[in-house]
Amino acid sequence: MATILKNDTLKLARNYFGLNQKEFAEKLGISQALVSNLEKSLKPLTDDIVEKLKDEFGENFFSQRISSPLLKV
C-alpha cells in the first residue's frame, strides 16, 4: 500500500476544489509562491500549514491512504 505524499495531495485538493494557486493561498493565508514550492516539493509542509489545511479541508483529508493493484507484466 502506498501513501500519497502530502505535497502531491495538496495539488490534487486545490484542483479538486477548482482553485488556482493564488486563490488557494488566500484561503490558507500563505503566499502563492509558497503554494507553488509546496506542490513541487521544494518546501516541506510545516505543522502550521498542515493545521491550516486540516481546518480548510477536514482533519483526515491529507492522511488518507490509497492502494494500487500490482501490475503483472
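User: What secondary-structure elements does the protein chain contain?
Analyst: The protein chain holds 4 helices and 2 strands, where helices (H or I, at least four residues) and strands (E, at least two) are DSSP runs numbered from the N terminus. Their order from the N terminus is β-α-α-α-α-β. The model is predicted, so local features need pLDDT of at least 70 and side-chain atom pairs pLDDT 80 or more, whereas totals for chains, interfaces and linings use all residues. Residues are numbered from 1 along each chain as its sequence is written, and side-chain values use heavy atoms, without hydrogens and water.

User: Why are the buried residues of α3 placed on the same side of the helix?
Analyst: Val 35, Ser 36, Leu 38 and Glu 39 are the buried residues of α3 (residues 32-39); buried means under 20% relative accessible area with a 1.4 Å probe, protein chains only. They cover an arc of only 165 degrees around the axis, and therefore lie on the same side of α3. The arc is taken over the directions from the helix axis to the C-beta atoms.

User: What do the buried residues of α3 pack against?
Analyst: They pack against α1 (6-16), α2 (21-28) and α4 (47-57), a contact being heavy atoms within 4.5 Å.

User: Why is α2 called roughly perpendicular to α4?
Analyst: The two helices pack at an angle of about 100 degrees, with their axes 10 Å apart. Angles of 65 to 115 degrees count as roughly perpendicular, so α2 is roughly perpendicular to α4. The axes are lines fitted to C-alpha atoms over the stretch in contact, and angles run from 0 to 180 degrees between N-to-C directions.

Conventions
Buried < 20%, exposed > 50% of the residue type's maximum accessible area, 1.4 Å probe, protein only. Parallel < 35°, antiparallel > 145°, perpendicular 65-115°, else oblique.
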